[in-house]
Amino acid sequence: MRAMEIQCSGCGDVTLVRAEPVYEGFRKAGEAYICTSCGKRYATAEETPFADAPKKPQVFSDADRETTVPSVFDGAERQHCCGWCRHMVLNPFGQRCGVTNRFTDATDLCEHFEKRSC
Ligand SMILES: [Zn+2]
């Protein structure tokens, strides 16, 4: 919840408003602002008498907030590890790299990586 200063037209005080999401059905349609002093409700940010009268009361739009975090790895990068390498040798004692002959984990990254064809 965000709180902002307004010059309330209901009680005349410089006080705080709290933003309340407004829903149309299940979709968030916008925000209403409610005076914490007298409870006067402003239906939109435009109607709300913000005290410092910012031109843009919201730095970030709802669209910005709801942006999903981009995935760091795409599918190709995820498979760029020893588990997907054609040099990976599996035997009863463990798994090792056929190039370096060292034991590896399936998640290791290796400079000799060559993707398995299957
Ligand atoms: Zn008020």
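Colleague: In what order do the elements of the protein run from the N terminus on?

Modeller: The order is β-β-β-β-α-α-β-β, with 2 helices and 6 strands in the protein. Helices (H or I, at least four residues) and strands (E, at least two) are DSSP runs, numbered from the N terminus. This is a predicted model, in which local features need pLDDT of at least 70 and side-chain atom pairs count only at pLDDT 80 or more, while totals for chains, interfaces and linings use all residues. Residues are numbered from 1 along each chain as its sequence is written.

Colleague: Why is Cys35 called buried?

Modeller: A residue is buried if 20 or more other C-beta atoms lie within 10 Å of its own, exposed if 12 or fewer, and partly exposed in between, with C-beta atoms placed from the backbone. Cys35 has 21 other C-beta atoms within 10 Å, so Cys35 is buried. Cys35 is found in strand E3, residues 27-35. Of the 118 residues of the protein, 8% count as buried.

Colleague: Which residues make up the largest nonpolar core?

Modeller: That core has 6 residues: Ile6, Cys8, Val17, Tyr33, Cys35 and Tyr42. A nonpolar core is a set of buried Ala, Val, Leu, Ile, Met, Phe, Trp, Tyr and Cys residues joined through C-beta atoms within 7 Å. In soluble globular proteins, nonpolar side chains tend to be buried together.

Colleague: What is Cys35 in contact with, leaving aside neighbours within four places in sequence?

Modeller: Contact is defined by C-beta atoms, placed from the backbone, that lie within 7 Å. On that basis Cys35 is in contact with Ile6, Cys8, Gly10, Cys11, Thr15, Val17 and Lys40. With its own neighbours within four places left aside, Val17 is in contact with Met4, Ile6, Tyr33, Ile34, Cys35, Thr36 and Thr48. Cys35 and Thr48 are 9.4 Å apart, C-alpha to C-alpha, and 13 residues apart in sequence.

Colleague: What makes E5 and E6 a pair?

Modeller: Two strands pair if DSSP finds at least two bridges between them. E5 (residues 88-91) and E6 (residues 94-97) have 4 bridges in the antiparallel sense, so they pair. Val89 stands opposite Arg96, and Asn91 has Gly94 as its bridge partner.

Technical notes:
Two residues are in contact if their C-beta atoms, placed from the backbone, lie within 7 Å.
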